[in-house]
Amino acid sequence: MSRAIRLIPFICWFGIILYLSFTPLTGWPKLGMFEKLYADKLVHITMYAILCFLFLFGLARSGEGSIGSKKLLVYAVVFCAGTGICIEILQPLLTRFRQFEWLDMVANAIGAGVGAYAFSKLISRRFLQQALQRPASSL
């Protein structure tokens, strides 16, 4: 089976992030209290934590690099955080309804770090080790 097929969950999640980053969210409610609590930043952290985790999981399943190696973890964090930075820079350039926010970039980078940390901690767990050893068709 192709190595690229093991990155499908990552690719799908990346597509969701791109869609949500460049489309207007006109139908979504704006809650003043929600915004004051920086719930938006928690969403960014969660989205990029999942992105980085799926990226590492896909790379590990495809046999790219040593599972859980620091080099692979750093590569994934830099890639995911860099993607978040690029999206944040492009939002005001490609849309009229999105604006550049420094804190979104910080939240994206924190999320990427959280995803890599979670992956590195869960890699030692039996269920993740077994999932990495199963063929991609059984996931």
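A residue is called buried when its relative accessible area is under 20%, exposed when it is over 50%, and partly exposed in between (1.4 Å probe, protein chains only). The structure is a predicted model, in which local features need pLDDT of at least 70 and side-chain atom pairs count only at pLDDT 80 or more, while totals for chains, interfaces and linings use all residues. Residues are numbered from 1 along each chain as its sequence is written, and side-chain values use heavy atoms, with hydrogens and water left out.

With a relative accessible area of 12%, Lys41 is buried. Its side chain makes a polar contact with the side chain of Asp104 at 2.7 Å. Such a contact is a pair of N or O atoms within 3.5 Å; within protein, one must be able to donate a hydrogen and the other to accept it, and residues adjacent in sequence count only if both atoms are side-chain atoms. Leaving aside residues up to four places away in sequence, Lys41 touches Glu101, Leu103, Asp104 and Ala107, where contact means heavy atoms within 4.5 Å.

Phe10, Trp13, Ile17 and Ser21 are its buried residues. Viewed down the helix axis, the buried residues fall within an arc of 75° and so line one face of helix 1, the arc being that of the directions from the axis to the C-beta atoms. These residues pack against helix 3 (39-62) and helix 4 (70-94).

Turning to the aromatic rings, the whole structure holds 8 aromatic pairs. Rings of Phe, Tyr and Trp (its six-membered ring) pair if their centres lie within 6.5 Å; planes under 30 degrees apart count as stacked, over 60 as edge-to-face and the rest as tilted. Phe10 and Phe14 are stacked, because their ring centres are 6.1 Å apart and their planes lie at 20°. Phe10 is buried at 7% relative accessibility, whereas Phe14, at 24%, is partly exposed. Ring pairs link Phe10, Phe14, Phe55, Tyr75 and Phe79 into a cluster.

Finally, the cysteines: with a disulfide taken as a pair of cysteine sulfur atoms within 2.5 Å, the count is 0. Cys80 is in no disulfide, and the nearest cysteine sulfur, that of Cys52, is 4.2 Å away. Cys80 is buried at 0% relative accessibility.

Key
Helices (H or I, at least four residues) and strands (E, at least two) are DSSP runs, numbered from the N terminus.
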